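Here is a short briefing to read alongside the model.

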Amino acid sequence: MSAPTAAPAGRRWLGLALIATAQFVVIMDTSIIGVALPDMQAALGFTPESLSWVFNAYVVAFGGLLLLGGRLSDLLGARKVFVSGWLILAVGSVLAGAAGNVGLEIAGRAVQGAGAALIAPAALSLLMALFGGTAELPRAFAVYGAAAPIGGTAGVFLGGVLTEWASWPWVFYITVPIAALVVVLTPGALPAVAGGRGSVDVGGAITGTVGLAALVYGVVRAPEAGWAAVETLVALGAGVVLLAAFFVIQARSRQPLLRLGIFRTPQLGAANLAQLLLGAAWVPMWFFLNLYLQQVLGAGAFAAGAALLPMTVLIVLGMTLVAPRLLARFGARALIVGGFGFLAAGLGWLAFARPDGSYVVDVLPASLVAAFGMALAFVPSLGTAIGAARPEETGVASGLVNTSYQIGSAVGLAALTVLSSTVAAGAIDPAALTSGYSAAFIGAGVVAAAGGVVTLAALRTRRGAEAAEPEPELVAG
C-alpha cells in the first residue's frame, strides 16, 4: 500500500478536507437538482419524459467513465487528474446553469459527470498516498466515507434553499466557487503522486465506457420506454455485448484498463458487491422519502430538505466516531452485514408510512435507523475494496468501487421507480402515492437484506484464503 507522505499532520488533514469535499460534491451533484426540476422544466421546455435526463446524463457519464478515470489517475498522477476533473466539473456547471435549452442543459450535466469521473478515483488514490500504512487510515476513511451520503442528503436541502431563495441555475453555479477553492489549495495540501509507466488501453476504454453507458442508459430509460421496448432492449443488448468485448480485451491486453486478476481477491469483489447493493438501497430511499415528504405530507422544498438533516448528522457521527471503533473490535464483515441489517430494518419501517402520517412518527425514527445502517456498512466496504488492491492499482480499484455504487444507484432507482409506479397505477392521490412509495421502500429493504446475506457469504470465503493472502490495511477482522 502507498506510503504516507512526510507532510505535517495538519497539512494531511487539510488534504483530507479537500478529498472529502470532492466526494461530497460529486455525490451532491446527483441530488441537488431534485427540487429544482419543476422550475427547470418551465424555464427550458422539458417534456415530462425528457426531464429525467437532467439526472440521468450525469449518472451515465459518471458511471461510464469512472474506470477510465481510475486508469488515468494511475498513469498520469492522481493530483493532476484530480485538478483536471475539478476544472471540467466547473465548466460543466457553468454550462448547465447558463443553458437556454434542453440540449445544452443535458450536455452540461454530462460534462459535469465526466469531471466527477476523474475526481472520484483520483481522490481515493490521494487519500491512500496521505494516510496509507498509518494508524489514522480508518479515521480518514470514515471522514471520506461520511461525505458521500452527506452529499446526497445535503444536496436535497441545498437544492431547496437555492431554488426557493435564489433561482434554479444556482444549483449548478454553487459548484464553481467550491471548485476554484479546491484547485487553489490542492498544490499545497495534496502530494504530487507520480504516475506509472504504460499507456491507456484505448479499446478497453471505448468498449468499457460505452458499454457501461449503454447499460445504464437502458436501465434508466426502461421505466419510461418500457422494459420490452425496442429502444430498451437494443441499449441493454449493446451494453452486454460491449462489456463482454471489454473483458475479452482485458484478458488479452498487456496493459489492460482493468487487470482481471484484481477480481481474484475475494474481499475486493465482496466489497464492490456491498457498494453496489448499498447504492441500490440507499439512493432510492432518499429519493422516495423526499417525494413522500413533499407530495403526501405537503412539505415545501426547503422543509423537505431540512427534514433530512437529522440523517446527515447521524451519518457524520456514525462514520467518524462509531464505525472506526466498532471496526477495530468486530472487523469489517460484522459491520457490513450489521449495517445492511439496520438499513433493511429502517426501510421496512418506512414502508408503514401513512397517507395522513406525520414526520415525527412516520419518517424521523425509521430514517435514523436506516442512516445508522448506512454509516456502519459504507466505511468498511469502501476500505476493504481499496485496501485489497495493489499499490499501483488504487486508482483503478477506486474507479471500480465508485462505479459499483453508481451503477447500483441507477439500477436500483430505475427498478424501484417501475415498482412504485405500478403499485400507484398512475393515481396521484395521497393514498395511491403512499402505496407506491411503500412498495419502493419494501423493495429497497429487500435489496439491503439481500446485501447482508450475500456479502456475509462472500466475505466468508476470505477465511480459506487467509494463509495465502495478506490482510488489507483497513480490515480489522
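The protein chain of this predicted model carries 21 positive and 19 negative side chains. The centres of those two sets lie 15 Å apart. As for secondary structure, the chain comes to 17 helices and 0 strands. Its radius of gyration is 21 Å, close to the 23 Å that the globule rule gives for 477 residues, so the chain is as compact as a globular protein of that length.

**Overall dimensions and surface**

- Taken along the principal axes, the box filled by the C-alpha atoms is roughly 60 × 45 × 45 Å.
- The accessible surface of the chain comes to about 17,200 Å², and carbon and sulfur atoms account for 70% of that area.
- Of the 477 residues, 56% are buried.
- Among contacts with a separation of 6 or more, 84% join residues 24 or more positions apart.

**Thr 30, in helix α1**

- Helix α1 covers residues 9-31, and Thr 30 is found in it.
- Is Thr 30 buried or exposed? Its relative accessibility is 9%, so Thr 30 counts as buried, the cut-off being under 20%.
- A polar atom of the Thr 30 side chain lies 2.6 Å from the backbone oxygen of Ile 27.
- Leaving aside neighbours within four places in sequence, Thr 30 is in contact with Phe 55, Tyr 58 and Arg 109.

**Ser 73, in helix α3**

- Ser 73 has its place in helix α3, which runs over residues 53-76.
- With a relative accessibility of 4%, Ser 73 counts as buried.
- Which residues does Ser 73 touch, not counting those up to four places away in sequence? They are Ala 78, Val 81, Pro 121, Ala 122 and Ser 125.

**Val 369, in helix α15**

- Helix α15 spans residues 359-387, and Val 369 lies within it.
- Not counting residues up to four places away in sequence, Val 369 touches Phe 342, Leu 343, Ala 345, Gly 346 and Trp 349.
- Where does Val 369 sit relative to Trp 13? The two are 356 residues apart in sequence, and 30 Å separates them in space, C-alpha to C-alpha.

How values were computed: Residues numbered from 1 in each chain as written. Predicted model: local features only at pLDDT ≥ 70, side-chain atom pairs only at ≥ 80, totals over all residues. Heavy atoms only, no water. Helix = DSSP H or I, 4+ residues; strand = E, 2+ residues; numbered from the N terminus. Rg over C-alpha atoms; globule rule 2.2 N^0.38 Å. Buried < 20%, exposed > 50% of the residue type's maximum accessible area, 1.4 Å probe, protein only. Contact = heavy atoms within 4.5 Å. Areas by Shrake-Rupley, 256 points an atom, 1.4 Å probe, with all protein chains shown as cover. Lys, Arg positive; Asp, Glu negative; His and termini not counted. Charge placed at Lys NZ, Arg CZ, Asp CG, Glu CD. Polar contact = N/O pair within 3.5 Å; in protein donor to acceptor, adjacent residues only side chain to side chain.
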